[in-house]
Structures are given as C-alpha cells and as structure tokens.
Amino acid sequence: MRVTDQPPDPSCAPATAVVARPLDHALRVLTKTADHGRLWMGVAAVGALTGRRTRRGAIRGLASLAAASLVSNAVLKPLFGRRRPDLERTHLARRIGTAPWTSSFPSGHAASAAAFATGATLEVPWAGPLLVPLAAAVAYSRVHVGVHYRSDVWAGAAVGISVALIGRAMWPVKPWGPALTAAGTAPALPQGDGLTVVLNAKSGSSDGVADAIARMLPKAHIVEWEPGTDIEALVQELPRALGVAGGDGTVAAVAQLAHRHHLPLAVFPAGTFNHFAKALGLDTDAHTVAAVEHGIAGMVDLATIDGVAFLNTSSIGQYPEMVVRRDKYSKRMGKWPATAYALLRTLRHEKPVDLLINGEKHPVWIVFIGNGRYAPRGLAPAWRDQLAGGVLDVQYLRADKKLSRTRAILYSIIGVARLSKVYGELEAAHVTIESLSGPKPVAHDGEITEPKESVELTIDDRRLIVYRSRA
C-alpha cells in the first residue's frame with residue numbers, strides 16, 4: 001500500500017525557525033513519553049489508586065491498549081508495510097531523531113492512545129474530557145515530529161476505538177449507579193425515628209458500625225443478633241421500618257422478617273461483599289442514612305429457596321464448594337483473584353452431578369441461580385441492572401460435552417459463553433432442582449446449608465420495600 005499524503009513541507013521555512021518553539025518541544029516530549037505505552041501506564045496507575053470505579057477504568061483501558069497494540073503492530077503493520085515519511089521533509093525543530101524502522105501504517109501510538117482513552121471512558125465517563133484530548137495530542141504528535149502520515153494516525157485511531165468497543169461487547173461495562181427497582185414508598189425517618197436496626201456484630205467489616213449508625217441516626221433503636229437464634233424475638237414492638245447491618249446472609253434473614261410484617265428495609269453495608277447494598281447504590285452508611293431520612297425507596301423481588309429468603313444468588317452442586325474455597329482464599333488474594341482461583345480448583349477437583357432442572361436431566365459442573373438476571377453471561381456473573389424483573393436466572397455449565405470445562409473458561413474469557421454448547425440457561429419465576437447424584441450442599445447469599453436431594457426456588461408474589469440511593 002502506498003499513499004502520497006505527506007506532512008507539510010517545511011523546507012522553505014526561514015532559518016530562524018530552527019529554534020524549537022514551546023509547542024515543538026512539548027509534542028516531542030509527549031510522543032516520546034507515549035513510547036511503549038508508558039504514558040498510559042502512568043495514567044492507569046493514578047486511576048488504580050483513586051478508587052474502585054477508576055480502577056476498573058484503568059484495567060479496561062490497559063486491556064484495550066494491549067489488544068490494539070497487538071492488532072496494529074503484529075497484524076496490520078506487517079500486512080501493509082508502508083514506508084515512513086522522509087525525515088528531511090520535517091523541520092529540524094520537530095524531529096525526534098532516527099525514525100522508527102517499523103511500517104508506518106497504521107500508527108501504533110494512535111491505536112494505543114485511542115484504545116486506552118475509549119476503554120477507560122467506557123467505565124468512567126467523566127474521564128473522557130481529560131483522556132480524549134490527551135489521546136488526540138499523542139496521535140497528532142506523530143505527524144508533527146514527522147514519523148507518520150495523517151492517514152496512519154486516522155487508521156490507528158480507528159483501530160484503537162474499534163478494539164475498545166469490541167471489548168465492551170465481550171465484557172459488558174458495569175452500569176453506573178444502583179440497579180432498577182419497581183416504584184415504592186417508605187416513610188421518611190428523620191434521625192432514624194421509628195427505625196430498628198438489627199446488627200450482626202460477627203459479619204465482615206462490622207466493627208464500629210453500631211457507633212457510626214448511632215451517631216448519624218440517634219433516634220434509631222439498635223439490637224444485636226446472634227445468627228442461629230430467633231430473629232423474630234428481637235423485634236418486640238413493630239417499628240416503622242427495619243434496618244440491618246451485616247453480610248448478605250444476615251440481610252436476607254432480616255429482609256424475610258421485614259417482608260413478613262410489610263415493613264420497609266434499610267440496608268447498611270457492614271458485611272464482607274455487600275452485594276445487595278451495592279445493587280441498591282448504598283456503598284456507605286451515609287448513603288443509607290440519607291435514604292432513610294428522606295424516604296427514598298423502591299420495591300425489589302424477594303426470592304426463596306425452600307421457603308428461606310435470598311436476595312442475590314443461590315446454587316446447588318459444586319458452586320457451594322467454590323464459595324467455600326473463595327472465602328478461604330479471599331483474605332490472602334482479594335475477592336476477584338480468589339474467585340477465579342476457587343473456580344479453577346473446583347472445576348479441576350470436583351466431579352459433575354446429574355440434576356433435574358424443572359424436570360429436564362442435565363449433567364452439570366456448576367449451577368448458578370440469580371434473583372434477577374445477572375451479567376456478564378458465563379462462569380462469572382457479577383451484577384444486575386434490574387431488581388424487580390420477576391425471574392430466576394439459572395445458568396449452568398454442562399458436563400456432557402467434550403472438554404466442557406476448558407471450553408467454558410475460554411468462552412467466558414472472550415465473552416461468548418452463552419453462544420457455546422457447553423453453557424445452558426433458563427429464566428423462570430419458579431424452578432425445581434433435584435439431585436440424581438445424592439444429597440448436595442446448597443448455598444444462598446454466601447450461606448452454606450446441609451446437603452439436600454431437591455430444592456424449590458421461587459419469586460414471591462409480593463415485592464420487598466427497600467430504602468435505596470437516589471442516583
């Protein structure tokens with residue numbers, strides 16, 4: 001491929017222009033800083049240290065950059081083999097030295113810059129006004145210093161943006177803010193007047209929670225609950241609303257109590273993972289306090305397994321084994337590395353089970369049942385964007401296909417698990433699961449129960465009223 005577009009010919013410039021202008025110097029420094037992705041690695045490091053959301057943006061940005069760099073440098077450059085512009089046509093004040101020896105088309109710097117900026121912005125939209133101009137400046141700098149044609153840069157940017165968008169299709173971006181709920185009302189309780197908070201002091205990160213809630217809601221009544229004891233006995237006189245501070249298992253137990261007495265539920269994120277609180281947009285105690293004092297509420301589905309409430313997920317078979325392993329490793333490795341490692345260990349060491357799912361026989365490795373539809377599809381569903389959809393989300397890994405475990409892991413990594421023959425799914429308001437391989441442990445919201453031969457899961461006809469974030 002030969003294209004004749006050239007950077008402006010400065011050969012007729014006056015001799016005084018040999019002195020570098022501030023712009024020339026700045027663009028030379030910028031283009032060298034972007035070599036080998038160093039600039040973007042620095043930006044990602046800042047994002048990783050700033051917060052959870054920016055950390056996800058940094059990870060997606062670097063992943064997009066790596067993929068775009070591979071496509072542009074290992075595939076397209078050798079394919080087109082375009083010669084670099086003649087450096088003699090670039091003014092001395094702009095040059096960076098010896099031109100790179102690789103093909104000119106497309107610009108790898110532009111591809112990497114566009115990929116990082118697009119990928120990070122998909123996760124953190126407010127970062128776009130900062131990253132896009134910086135990426136555009138890096139791309140332009142390649143023309144300014146004379147090592148690329150304009151068409152190289154445009155093509156590189158197109159490659160980078162395309163790679164990032166393909167990445168979003170494979171690995172969906174977690175939505176901003178809380179999941180959707182049905183319309184609902186709950187009383188505003190200034191200073192917590194009329195609120196009884198059930199606290200599980202043994203849950204996750206509950207240290208100091210009681211004092212914090214008492215400071216922010218001085219009129220709230222706080223009681224401590226010992227798991228395994230009668231939770232109903234803690235609430236002698238029905239309050240106007242029930243609150244709960246603990247892990248997801250504790251939240252589910254108090255939610256069932258609130259649902260039974262038609263009371264709204266306020267969730268304080270005091271557990272290890274706080275999946276349900278985060279789905280409601282309640283990342284801190286202050287978020288819950290604001291919702292309670294202003295009466296911001298909605299309604300969500302309450303799922304049950306053999307009559308016991310769960311708000312997030314349930315499973316039977318090998319998934320409980322994975323949960324046990326994940327909890328064991330998470331303190332040393334962190335949540336997501338521990339989840340991945342526990343999944344691999346479970347798939348490697350456990351045997352498949354034969355299950356009847358709504359009357360149909362399925363040899364499976366792992367079964368996941370979500371209270372609502374979870375994304376992304378595959379072996380690692382992580383979030384919901386709807387909490388009142390009225391369905392149970394059943395996903396399972398089939399064991400009757402050749403190399404099913406290896407294929408499932410590979411398909412999940414590249415984001416096409418649901419298109420494979422080793423992955424099964426169904427959605428229903430009522431699900432019955434029977435084990436043909438003997439009693440199996442059951443997990444729901446992080447709690448592991450005694451082995452059972454069959455379980456019945458359903459969505460309750462009446463929704464649960466919850467306080468939620470306004471956003």
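Trainee: What length does H2 reach, and how many residues does it have?
Mentor: Helix H2, residues 38-50, has 13 residues and reaches 19 Å from its first C-alpha to its last, close to the 18 Å expected at 1.5 Å a residue. That expected span is 1.5 Å times one less than the number of residues, and helices here are DSSP runs of H or I with at least four residues, strands being E runs of at least two, numbered from the N terminus.

Trainee: Before we go on, what sort of model is this?
Mentor: It is a predicted model, in which local features need pLDDT of at least 70 and side-chain atom pairs count only at pLDDT 80 or more, while totals for chains, interfaces and linings use all residues. Residues are numbered from 1 along each chain as its sequence is written, and side-chain values use heavy atoms, with hydrogens and water left out.

Trainee: Which residues of H2 are buried?
Mentor: Leu39, Trp40, Ala44 and Gly47 are the buried residues of H2, where buried means under 20% relative accessible area, exposed over 50% and partly exposed in between, with a 1.4 Å probe and protein chains only. Seen down the axis of H2, these buried residues fall within an arc of 130°, so they line one face of the helix; the arc is that of the directions from the helix axis to the C-beta atoms. The face turned away from the buried side carries the exposed residues Val46 and Leu49.

Trainee: And what covers the buried residues of H2?
Mentor: The cover includes helices H1 (22-33), H3 (52-80), H4 (108-123) and H5 (128-144), with contact taken as heavy atoms within 4.5 Å.

Trainee: How do H2 and H4 lie, parallel or antiparallel?
Mentor: Their axes come within 10 Å and cross at roughly 15°, where axes are lines fitted to C-alpha atoms, for helices over the stretch in contact, and angles run from 0 to 180 degrees between N-to-C directions. H2 and H4 are therefore roughly parallel to each other, given that angles under 35 degrees count as roughly parallel, over 145 as roughly antiparallel, 65 to 115 as roughly perpendicular and the rest as oblique. The contact is made by Trp40, Val43 and Ala44 of H2 with Ser112, Ala113 and Phe116 of H4.

Trainee: Now H1: which of its residues are buried?
Mentor: In H1, Asp24, Leu27, Leu30 and Thr31 are buried. Viewed down the axis of H1, they fall within an arc of 130°, so they line one face of the helix, and what covers them includes H2, H4 and H5.

Trainee: Switching to H3, at what angle does it cross H6?
Mentor: The axes of H3 and helix H6 (residues 150-170) cross at roughly 130° and come within 9 Å. That makes H3 oblique to H6. Residues of H3 including Arg60 and Ser64 take part in the contact, which on the H6 side involves Val159 and Gly160 among others.
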